[in-house]
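Reader: Could you walk me through the terms used for this model, one at a time?
Author: Gladly; here it is.

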Amino acid sequence: MQDNPVDSVTEADKAIGTASTERPPHLDHNPRSRMRYRTLGRTGIKVSPYALGTLMFATAIGNPDHDDSIRIIHKALDVGINFIDTADAYGDSEEVVGKALRGRRDGVVLATKVSRPMGDDPNQQGTSRRWIMTAVENSLRRLQTDHIDLYQIQRPDPTTDIEETLSALSDLIHSGRSVRSDHPRLPPQTSSKHSGSPSGVAWNGSAPSSRPTRSLTAASSLRCCRSRSATAWAYWCGVRSGRDCSPAVSGRVSKRTSAALASSRRSATSVALTPSNSSSHSPKRRACR
Amino acid sequence: MTHLAMAFATTHPGVTSALLGPRTMEQLDDLLVGMDVTLTDEILDRIDEIVPPGTDVGTLDQAYLPPALQRSDLRRRPVEERAAV
């Protein structure tokens, strides 16, 4: 492997270097000027190719030292990683992330999840509107923030109608608590019936074609592409690529930017996504026994 | 190996970003060293030979198992309804 990475990186670095000569000098020392950020789906949100997972912070199987975990998070941010993924069910991980992001929240694309059991209460799990609306507030409090950039359904909940879940996620976006939602693990037969999408809510509707299918066999699971080794879990945390999948749309929606809300709705219309309450476009429900 | 794993995942055009999962600073530092790794087509071809595309190598974290795979009655009509005529 002595010549392969070097050559290609060098070529790319030259291009970057050319561009960077026009930048203010201080940017040359900014690690973010080197990171090749990628667009998350078609959201316009740029994320680093490496994201920081937080399952190993403040969980039963993870690092028990909160301060050490925070230092690790800061180190990742310092090198240009701007994408952090956590979950309500990851022990105290959300609290640790919240502490670490004090004063640095705006530079981070923050993802968390809902669905796994959070206690003995049978209603403190799954994807019912009832639980999602409570769980998101709990996550916001633990994360010490007023919005979540990517809110994910960690596990499918066959006991909840998908319309119920998607409309709740859509409402979160419209209320400003979530910028974008994703339903990464819908069973294929479910997601394929829902070709229309509430604005900003996305899921995997079709199988990626061509090479992606090595580990993406289920297609509906964003996280099924995972390589595991001693210290790294590398699994797919991105959203569908524009090339392989049907459109996903999102707009930055917050209480502060009602104009953006209107804009995002227009963009949603332009790619034929439909509002969740549009009964005329709702997929016909089949009787399931 | 961790560098290979991260590079392999992020090489895929369908993958926007892959997760690091460090527990210690040492693990993070090691993972960050691999950020500039580029896998050549030759290496990717070799990986394709070892693990052919389409192979499902990780079922551990897949939470959804279709009910019809678990219950045979969901795959079968009642005996009296099976014939076409």
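Reader: What makes helix 5 of chain A largely enclosed by the rest of the structure?
Author: Ten of its 13 residues are buried, so helix 5 of chain A is largely enclosed. Buried means under 20% relative accessible area, with exposed over 50% and partly exposed in between (1.4 Å probe, protein chains only). Among the buried ones are A:Ile162, A:Leu166, A:Leu169 and A:Ile173. Helices here are DSSP runs of H or I with at least four residues, strands runs of E with at least two, numbered from the N terminus.

Reader: And what are the ground rules?
Author: This is a predicted model, where local features need pLDDT of at least 70 and side-chain atom pairs count only at pLDDT 80 or more, while totals for chains, interfaces and linings use all residues. Residues are numbered from 1 along each chain as its sequence is written, chains are lettered from A and ligands numbered from 1 in the order in which they are written, and side-chain values use heavy atoms, leaving out hydrogens and water.

Reader: How do you know that the span of helix 5 of chain A agrees with its 13 residues?
Author: The expected span is 1.5 Å times one less than the number of residues. That gives 18 Å, and the end C-alpha atoms are 18 Å apart, so the two agree.

Reader: Why are strand 5 and strand 6 of chain A called a pair?
Author: Pairing needs at least two DSSP bridges; these strands have four, in the parallel sense. One bridge joins A:Val114 to A:Ile153.
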